Amino acid sequence: MSLNCGIVGLPNVGKSTLFNCLSNAKAQAANFPFCTIEPNVGVITVPDERLNALVEIDHPKRVVPATMEIVDIAGLVKGASRGEGLGNKFLANIRETDAIIHVLRCFDDPNVTHVDGSVDPVRDKEIIDTELQLKDLETVESRIGKVEKQAQSGGDKTAKRLLAILQQYKEVLEQGKNARVLEWDSKDDQKLARDLFLLTNKPVLYVCNVDDAAAKDGNAYVEAVRQAIAGENAQLLVVAAKTESEIAEFETYEERQMFLQE
């Protein structure tokens with residue numbers, strides 16, 4: 001079964017452009033909010049030098065590389081946890097993913113609209129974080145109400161441990177932090193936490209979508225994001241998605257190399 005990664009972010013930050021770059025698909029990428037309504041889905045192969053080495057040794061008749069499913073999810077707006085915009089659809093789609101690719105706009109361009117009127121990737125991150133945290137808090141509070149009765153009724157040790165985990169998640173979420181900041185030592189606790197399917201507990205890769213000038217060394221927006229995610233147990237990647245998408249349009253490796261050398 002392949003890993004399923006959801007591409008999320010505010011409307012019009014480059015999600016569909018990144019999706020096209022990764023999957024060689026042709027999802028609509030346009031300069032207006034809610035360009036994506038229904039999720040676009042693509043399947044990509046995962047490069048693995050170990051597999052290539054084994055193929056050279058064994059020469060199998062058929063090679064099946066690992067794959068990853070990429071889902072371009074509709075843009076989120078403030079109030080999504082209450083169903084605003086495409087919120088309910090967005091949250092349902094993201095709950096089905098194994099990991100999150102969170103795209104943040106980190107470039108200035110007066111010709112590309114922004115739903116909030118200005119470029120501020122840290123603010124954009126916080127908008128989505130808040131909506132996911134509110135939904136997780138709703139989930140946690142609902143579970144606490146049910147588990148409390150089991151934990152108080154007798155010797156159900158699992159219920160008591162789950163209640164303790166839920167209470168810690170509640171405290172963290174009420175502080176405006178993502179659930180993934182908590183780490184559990186025992187495998188039993190890890191399983192109990194994982195089975196809650198909290199949105200902010202999913203592994204996340206923050207993708208800073210920059211212009212060509214910042215593709216190599218980043219910019220002030222990227223550094224602000226880097227500071228904002230410190231201690232969050234998350235990774236960051238800098239990508240010029242528009243350029244990468246254009247490169248992906250070429251059919252062969254040689255054509256792509258020629259484009260890069262121009």
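User: How many cavities of 30 Å³ or more does the structure hold, and about how much space lies in the largest cavity?
Analyst: This is a predicted model, and what follows is computed from it. The structure holds one cavity of 30 Å³ or more. The space in the largest cavity comes to about 50 Å³.

User: Which element gives the largest share of the lining of the largest cavity?
Analyst: The lining of the largest cavity is made up of I100, H102, I128, D129, L132, N178, R180, T200, V204 and Y206. Strand 4 (99-105), helix 4 (121-152) and strand 5 (204-209) are the elements that give two or more residues to this lining. By class, the lining residues divide into five nonpolar, three polar and two charged. The largest share, three residues, comes from helix 4.

User: Is D124 buried or exposed, and which residues does D124 touch?
Analyst: D124 is found in helix 4. Its relative accessible area is 2%, and because buried means under 20%, D124 counts as buried. Leaving out residues up to four places away in sequence, the residues that D124 touches are L10, L104, H114 and D116.

User: What is the C-alpha separation of E141 and Y169?
Analyst: E141 also has its place in helix 4, and with a relative accessible area of 39% it is partly exposed. Not counting residues up to four places away in sequence, E141 touches K170 and E174. E141 and Y169 are 28 residues apart along the chain, and their C-alpha atoms are separated by 9.7 Å.

User: How many aromatic pairs does the structure hold, and what is the angle between the planes of Y169 and W184?
Analyst: The structure holds one aromatic pair. This pair is formed by Y169 and W184, with a distance of 5.7 Å centre to centre. Because planes over 60 degrees apart count as edge-to-face, the pair takes that label. The angle between the planes is 80 degrees.

User: Where in the chain do Y169 and W184 lie, and is each of them buried or exposed?
Analyst: The pair links distant parts of the chain, 15 residues apart, with Y169 in helix 5 (residues 157-174) and W184 in the loop between helix 5 and helix 6 (187-194). Y169 has 0% relative accessibility, whereas W184 has a relative accessible area of 12%. Because both values are under 20%, Y169 counts as buried, and W184 is likewise buried.

User: Which element gives the most to the lining of the second largest pocket?
Analyst: About 450 Å³ of space lies in the second largest pocket. It is lined by 17 residues, of which Q190, R194, N201, K202 and P203 are the closest to its centre. By class, the lining has eight nonpolar, four polar and five charged residues. The element that gives the most to it, with three residues, is helix 6.

User: What is the phi of F197, and what is the phi of N233?
Analyst: Most residues other than glycine have a negative phi. F197, found in the loop between helix 6 and strand 5, is not a glycine and yet has a positive phi. N233, in the loop between helix 7 (220-228) and strand 6 (235-239), is exposed with a relative accessible area of 51%, and its phi is positive although it is not a glycine. The values are about 55 degrees for F197 and about 60 degrees for N233.

User: How far apart in space are N93 and G6?
Analyst: N93 lies in helix 3 (residues 87-95). At 16% relative accessibility, N93 counts as buried because the value is under 20%. N93 and G6 are 87 residues apart in sequence, and their C-alpha to C-alpha distance in space is 7.9 Å.

User: Which residue lies over the face of F107?
Analyst: The distance from the ring centre of F107 is 4.5 Å. The residue that lies over this face is R105.

User: What share of the contacts with a separation of 6 or more comes from residues 24 or more positions apart?
Analyst: The chain has nine helices and six strands, and buried residues make up 42% of its 262 residues. Among the contacts with a separation of 6 or more, the share from residues 24 or more positions apart is 67%.

How values were computed
Residues are numbered from 1 along each chain as its sequence is written. This is a predicted model: local features need pLDDT of at least 70, side-chain atom pairs count only at pLDDT 80 or more; totals for chains, interfaces and linings use all residues. Side-chain values use heavy atoms; hydrogens and water are left out. Rings of Phe, Tyr and Trp (its six-membered ring) pair if their centres lie within 6.5 Å; planes under 30 degrees apart count as stacked, over 60 as edge-to-face and the rest as tilted. Helices (H or I, at least four residues) and strands (E, at least two) are DSSP runs, numbered from the N terminus. Buried means under 20% relative accessible area, exposed over 50%, partly exposed in between (1.4 Å probe, protein chains only). A charge sits over a ring if NZ of Lys or CZ of Arg is within 6 Å of the ring centre and within 35 degrees of the ring normal. On a 1 Å grid over the protein atoms alone, a cavity is a set of points where a 1.4 Å probe fits but cannot get out, and a pocket is an open set with protein on both sides within 12 Å along at least five of seven lines; lining residues have an atom within 4 Å of a point. Grid points are joined across faces, edges and corners, and a volume is the space filled by probe spheres set on the points. Ala, Val, Leu, Ile, Met, Phe, Trp, Tyr, Cys and Pro count as nonpolar, Asp, Glu, Lys and Arg as charged, and the others, Gly among them, as polar. Contact means heavy atoms within 4.5 Å.
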